[in-house]
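Hi,

Here is the structure I promised to pass on to you. Have a look at it first, and then read on for my notes on what turned up.

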Amino acid sequence: MSLCIDNIRLVRDGKPDATTSSVVVEDGRFVAVGDSVDRCEQHVDGQGQWLLPGLIDLNCHLREPGAERRGRIATETRAAAHGGFTTVCAAPDTSPVNDSGAVTNLIRDLAESQGVVRVLPVGAMTRGLGGEQLSDMAGLLSAGCVALGSGGRPTANSRVLRRCMAYAHTFGLTLFVQPENASLSAGGCAHDGVLAARLGLPGIPEVSETTAVSELLLLAEETGARLHIGPLSCARSLQLLESARQGGLRVTAEVAIHHLVHTDARIDGYDSTYHCRPPLRSEEDRQALLAGVESGLVDAITSQHRPQDGAAKQAPFPETEPGLSTVESVFSLGLGLVQSGDLSLGRLLEALGRGPAEVLGQAVPAIEPGNPADFFLVKPDESWWVAPETLLSAGKHAPVLYDNLPGVVSCTYVGGHCAYSDQKGNA
Amino acid sequence: MAKTPGSLQHTPEGELRHFISIDGLDRAMLTRILDTADSFIEVGERTIKKVPLLRGRTVVNLFFEPSTRTRSTFELAAKRLSADVLNLDIGTSATSKGESLSDTLLNLRAMASDMFVIRHAASGAAHFIADAVTPDVAIINAGDGRHAHPTQAMLDMLTIRQHTGAFEGLKVAIVGDIEHSRVARSQIRALNTLGVEEVRLIAPDTLLPHKPEALGVRVFSHLEEGLRGVDVVIMLRLQRERMETALLPSEREYYKLYGLTTEKLARTAPNALVMHPGPINRGVEIESAVADGPQSVILGQVTNGIAIRMAVMSMAMSGQLAERQRESARNREGTRS
């Protein structure tokens, strides 16, 4: 079966082509890029849309197994495809925690049978994510985990962290760690700023992140472990990262999309939608994170997609669950930042493609003959209405809701198969 | 987008319908509350201490945190307004069986409750209930986490006004654990809204919020310096757990540095008022001689608490009822057309 998509624009070096071209897909791979090929069995008119390499998300909570009322692999991978993602890393904080080959296999089986995008499981670096005992790292690796991580939970014990890194280094594993010093963030639920002081919300100070970043960087330096940190929320964390990089440390970092578009001003009126961890911080922090993405200091933009059901957000703010449903709006929110001049298109696409691929040690996605046909088509000049009924995720707490966002994804293909199309709702 | 404190607490016509925080209320509204409370003080002095303003209305006292004084003054206030009062012991009620806060309140609303008086350990609890759970039941915040305790702040304002006559030109110092205090947050807001000259906070850095100046205050680290020339001193209660969580070294050191003694009180303006929201820790934040001395108005605060609570309960109920009537009139209009 061969498919030719005509009349599309490729984006090279951050610039959309002035002229349209065609791509040909056969057996799940691109076989030709450039001119139209007449002999194809199926032709699709791209109507001048951009054709982009499928996006890669390093931080996605699919919620299955364990929290199916908040999201399932079936629903959340469709949401990912709706957002232009063709690959998502599944965070290990499932129930049971993905700390054994059996859970990894379950996730892979569910992804195979019910998912529509590539799901790369991330294993737990400690047993049960309890932060006390090492998980069976080598076993998780052989079961198919691409990395091991903290699942967004703080690791209280420095000694365990050091041993995780040393053990992971033995097997060349990458560790995904969210920096949070639990003793400094204890009891907190919002950025420790002027607004939290007024609202009486217990604060999460910046130092709960920055001291953890320092510790992680020093431990990575000592153990030689391959470390990926984030989501980062503070300007100061980026300064620490920069000086470690300049000192030659091999460490990568991510920021989550909501920290690039919002500040703690969003929680005024106790709006629990914006309860997330790390918390939304100040405008200076947001500007520094944008600059970090633009300069390449930050390797990846992630969704930190963490769908919640209504009950999880229906309580007094400190008692609500942190997390937003973001995977469907990452690209659109990013495009909005490009249109407002806060970010270049080239860096946005790199931070959702090349950057995460390099963190995973995978081939950089590109529209080139021989590569897997993971791509999506998007109408950059059109906008879509974000509302519960237009979101495919089971979680409806999106970073922007009841508003229009630029960039309409019209279809997403994974390995040459359609994972999402606005023509048939979802695949 | 969640509602702002201003739009949440007012009807579209500008009447009070919930009393959640001082934030969002203007000077005219605060003054109206004080004036209404003044008129209720007389009720407390009668032999028959009742007015029929809330007759036939059901007020539910929902205290998710223990309280003696606040809860009993709310109960007395409701009874003096002739309301039927239901006190819910949350320790044995449904939330301890896993029922959510929303469900508990929706069940109580189904019992035709007209007003909820709520104390809860989470900041924003009363706001959440008024915004998202039962906006058609008048909500009175009796303290939410560290956020607000607006009836306490207003009874303090009433006490100050009784003694000073006006707020202009006053310098007020609040001493102690500001960071964890909902009382202080509400007092700061009320004092600034009512137009005092200066609000001072006196505390060590560990008991101050992040960038306290943003709250509209001057910050002092030393008690003697901060007390110089003030007209009102408000002492806050020190919780014992502050020592256990490494915020303070010891009660003794705290008393030595921040305890209000006769000697330190001499730094204030002559006859400055000494206030305390209670319950007081004698010998921890305040010397007995000061607490019981001629400048102390601590017991007057308690008496005023009933009048203030009667005021906000009657005002919020009347605003809420007016809004409900307009609502049903609009609905009738809708069905006719």
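Before the notes, one term: two residues count as being in contact if their C-beta atoms, placed from the backbone, lie within 7 Å. Also keep in mind that this is a predicted model.

Let's start with how the two chains meet. In that sense of contact, 19 residues of chain A are touched by 26 residues of chain B. On the chain B side, three helices each bring at least two residues: H4 (101-110), H5 (125-133) and H7 (182-193). Which of them gives the most? That would be H5(B), with 4 residues. If you sort the residues on this side of chain B by class, you get 11 nonpolar, 10 polar and 5 charged.

Now to chain A by itself. Its domain assignment gives two domains: domain 1 is made of 2-51 + 369-387 + 401-421, and domain 2 covers 55-360. Their centres, taken over C-alpha atoms, are 29 Å apart. Where the two touch, domain 1 of chain A puts in 16 residues and domain 2 of chain A puts in 20. On the domain 1 side, strands S17 (375-386), S18 (403-414) and S19 (417-421) of chain A each supply at least two residues. S18(A) has the largest share of that side, with 6 residues. The classes there come out as 11 nonpolar, 3 polar and 2 charged residues.

Next, the sheet in chain A. It is an open sheet of 8 strands with parallel pairing, and the order to trace is S7-S8-S9-S10-S11-S14-S15-S16. At the edges you'll find S7 (55-60) and S16 (300-302) of chain A, each of which pairs on one side only. On average, neighbouring strands are turned by 30° against each other, direction ignored.

H1 (residues 73-82) of chain A lies across S7, S8 (85-90) and S9 of chain A, and runs at about 135° to S8(A).

That's what I have so far.

Cheers

Methods:
Residues are numbered from 1 along each chain as its sequence is written. Chains are lettered from A and ligands numbered from 1 in the order in which they are written. This is a predicted model: local features need pLDDT of at least 70, side-chain atom pairs count only at pLDDT 80 or more; totals for chains, interfaces and linings use all residues. Two strands pair if DSSP finds at least two bridges between them. Axes are lines fitted to C-alpha atoms, for helices over the stretch in contact, and angles run from 0 to 180 degrees between N-to-C directions. Ala, Val, Leu, Ile, Met, Phe, Trp, Tyr, Cys and Pro count as nonpolar, Asp, Glu, Lys and Arg as charged, and the others, Gly among them, as polar. Domain bounds come from an automatic or database domain assignment.
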